[in-house]
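I've opened a structure that is new to me, and I'm jotting down what I look up as I go. Here it is, before the notes start.

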Amino acid sequence: MGEQVKSEMNIAVVQAYVELGDPDANLKRMLDLMEKAASAEEKPDVIVLPEMWNTGYALDRIRDIADPEGRRLPEQLSAFAHSHGIQVVGGSIAENIGGQIYNSMYVFGRNGEQLAKYSKIHLFRLMDEEKHLQAGEQVVSFELEGITAGASICYDIRFPELSRTLALAGAQVLFVPAQWPHPRLHHWRTLLMARAIENQMYVVACNRVGTSGDTDFFGHSMIIDPWGEIVAEGGEEEVVLTGKIDRALPGEVRQRIPVFEDRRPRLYF
């Protein structure tokens, strides 16, 4: 008989400081924090990283420091997943693919196998992303040991169409790596809770901390359940945030309040 799947999944969210424009320092920091997460008394099933953790928003030199052809850092994350037997939602990295710069999330299974890759589809004009980055063109979901999950990066959560599309495709968890700054903490918390409530799904959001240039990032990484209740929330310091998600809860909530059955899409567009 195969190994029985646990009813709960342990999540570790790595809310980290990101050094502007220093991929080597950032890789060391991230691996150290991932080791810390992996060595917890209750071993995580999934480790989640923040957005653009390899470079930060050093967009003026991003072409030179982005991961060449998306090889080095995904290989490091894959090796970590394999050696520790932990699934990794690798936040996102800046990668240079054939001369085009993408902001991409890689996901790896316990054996180090790549489960998904998602490139951010909504580029944030307030930080000049559209001048330096190429937008992704695919909505991406993936399986984590029987749980269907959706990929979303930072600014993406302002577009409810994306999370709803993922939910309609079966997603029960939405992963959101981010670099979301002051003064928009209220927007961050409200949008994440709204995405959880309206789609009756877990939201696991990993934001960075620290100052980069004149921008302050506030952390407040969150795990939110399908009722919109906060399972765990970080402060503004570097931390490994932990919490559990219950595999059965999204289905129970969707049965209690049948939002998806009561939709009338022919009237919406």
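Predicted model: local features only at pLDDT ≥ 70, side-chain atom pairs only at ≥ 80, totals over all residues.

Residues are numbered from 1 along each chain as its sequence is written, and side-chain values use heavy atoms, with hydrogens and water left out.

I looked up Gln-200 in the loop between α6 and β11 (202–207). Its phi is near 50°, a positive value in a residue other than glycine. Gln-200 counts as buried at 2% relative accessibility; buried means under 20% relative accessible area, exposed over 50%, and partly exposed in between (1.4 Å probe, protein chains only).

Asp-128 also has a positive phi without being glycine, near 60°. I found Asp-128 in the loop between β7 and α4, and at 32% relative accessibility it counts as partly exposed.

Then there's a cis peptide bond between His-182 and Pro-183, with omega about 10°. Pro-183 sits in the loop between β10 (173–178) and α6.

Two strands pair if DSSP finds at least two bridges between them. β1 pairs with strand β16 (residues 239–246) in the antiparallel sense over 8 bridges, and there Gln-15 has Val-239 as its bridge partner.

**Entry: helix α3**

Which residues of α3 are buried? I listed Leu-73, Pro-74, Leu-77, Ser-78, Phe-80, Ala-81 and His-84. Seen down the axis of α3, these buried residues fall within an arc of 160°, so they line one face of the helix; the arc is that of the directions from the helix axis to the C-beta atoms. The face turned away from that buried side carries the exposed residues Glu-75, His-82 and Ser-83. Gly-85 follows α3, and its phi is positive, near 65°.

**Entry: aromatic rings**

My rule here: rings of Phe, Tyr and Trp (its six-membered ring) pair if their centres lie within 6.5 Å; planes under 30 degrees apart count as stacked, over 60 as edge-to-face and the rest as tilted. By that rule I get 6 aromatic pairs. In one of them, the ring centres of Phe-124 and Tyr-155 are 4.8 Å apart and the planes are at 55°, so the pair is tilted. This pair links distant parts of the chain, 31 residues apart. Trp-188 and Phe-218 make an edge-to-face pair, 6.4 Å centre to centre with 65° between the planes. Trp-188 belongs to helix α6 (residues 185–199) and Phe-218 to strand β13 (residues 215–218). Trp-188 is buried at a relative accessible area of 0%, and Phe-218 is buried with 0% too. Finally, ring pairs link Phe-124, Tyr-155 and Phe-159 into a cluster.

Conventions. Helix = DSSP H or I, 4+ residues; strand = E, 2+ residues; numbered from the N terminus.
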